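Have the viewer open as you go.

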Amino acid sequence: MLEEDEKKVEILYKVLLLGDWSVGKTCLLMRYMENTFTEMHLSTIGIDSKIKIVNLKEGLDAKIQIWDTAGQERYKTISKSYIKGANGILLVYDVTQRGSFEGIKNWVKQIKDLVSSRVNVVLIGNKIDLENQREVKTEEGEQLSKEFNYQFFETTAKDGININEAFEALIKEIAERYSYKPVKHGYKLENEKASKESKGCC
Ligand code: GDP
Ligand code: MG
């Protein structure tokens with residue numbers, strides 16, 4: 001039998017796409033995973049999760065499991081277990097739908113109620129290719145992201161702009177929350193570093 005330190009190392013981080021219905025979550029996932037885009041609304045396909053292997057540093061790969069909310073978000077709420085299980089969340093609104101931007105505060109509240117500071121969040125304003133239909137200014141997104149201390153990206157799944165950057169920024173934030181111990185076949189996840197803004201519970 002292999003010693004504990006000799007087992008093949010596997011690091012898994014769970015990422016969740018969250019935001020109102022039709023802001024482009026499924027399209028962002030497809031663009032990131034497969035570099036494709038469709039004009040169709042895809043929530044009926046019911047993709048649950050997809051896996052991507054990402055290299056964090058020399059000898060350290062992580063499996064990133066990305067969860068898409070297959071239609072539940074239509075009711076402005078999704079299963080608590082989705083949020084609870086996430087290491088990171090991409091919180092998305094549509095720059096052409098002010099309502100989806102106003103909805104962000106409600107999603108933040110759901111996240112804070114369930115996981116407090118133990119999750120990394122990146123805010124995304126999507127569909128910037130539709131500049132002439134824009135209802136939410138870039139500065140408004142920036143302002144909101146500062147309020148919550150989230151990184152902020154404006155994207156278009158249609159033209160494929162800024163999507164890798166947003167995913168990578170989130171993965172980097174998650175990865176930096178843990179420390180890794182070098183072992184024979186790579187690295188072992190050691191422990192979670194102390195949270196920057198601990199809620200000081202219990
Ligand atoms: P979800 O409900 O948040 O998963 O939204 P979808 O990914 O299914 O997208 C909803 C609709 O918006 C679809 O018709 C997409 O083609 C469209 N869409 C998504 N992202 C973009 C984008 O960046 N630009 C434009 N113009 N349309 C988009
Ligand atoms: Mg969808």
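The mean pLDDT of the protein is 84, with 83% of its residues reaching 70 or more. The stretch to watch is residues 195-202, where pLDDT stays under 50. For that stretch the model has six contacts beyond four places in sequence. Where pLDDT is low, the predicted coordinates should not be read in detail.

On to the layout. The protein has six helices and eight strands, and going along the sequence you get β-α-β-β-α-β-α-α-β-α-β-α-β-β. Of the 202 residues in the protein, 45% are buried. If you take contacts between residues at least 6 apart in sequence, 70% of them join residues at least 24 apart.

Now for a helix pair. Helix 4 (residues 104-115) packs with helix 5 (residues 138-148) at an angle of about 20°, and their axes are 12 Å apart. That angle is under the 35 degrees cut-off, so helix 4 counts as roughly parallel to helix 5. The crossing of the two is right-handed. On the helix 4 side, the residues involved are I104, K105, V108 and K112, and they meet L144, E147 and F148 of helix 5. Sorted by class, this contact has four nonpolar and three charged residues, and no polar ones.

| Residue | Loop between | Relative accessible area |
|---|---|---|
| D68 | strand 3 (60-67) and helix 2 (80-84) | 3% |
| T155 | strand 6 (151-154) and helix 6 (163-176) | 0% |

Why does D68 count as buried? Its relative accessible area is 3%, and buried means under 20%, so D68 qualifies despite its place in a loop. D68 also sits 5.6 Å from D48 in space, C-alpha to C-alpha, although the two are 20 residues apart in sequence.

T155 is buried as well, because its relative accessible area is 0%. Which residues does T155 touch, not counting those up to four places away in sequence? The list runs L28, I124, G125, N126, K127, I128, I161, N162 and I163. One of these, I163, belongs to the range of helix 6 (163-176), at the end of the loop that holds T155.

Methods
Residues numbered from 1 in each chain as written. Chains lettered and ligands numbered in written order. Predicted model: local features only at pLDDT ≥ 70, side-chain atom pairs only at ≥ 80, totals over all residues. Heavy atoms only, no water. Helix = DSSP H or I, 4+ residues; strand = E, 2+ residues; numbered from the N terminus. Buried < 20%, exposed > 50% of the residue type's maximum accessible area, 1.4 Å probe, protein only. Contact = heavy atoms within 4.5 Å. pLDDT = per-residue confidence, 0-100. Axes fitted to C-alpha atoms, helices over the stretch in contact; angles between N-to-C directions. Parallel < 35°, antiparallel > 145°, perpendicular 65-115°, else oblique. Left-handed = near helix turned anticlockwise from the far one by under 90°. Nonpolar A, V, L, I, M, F, W, Y, C, P; charged D, E, K, R; others polar.
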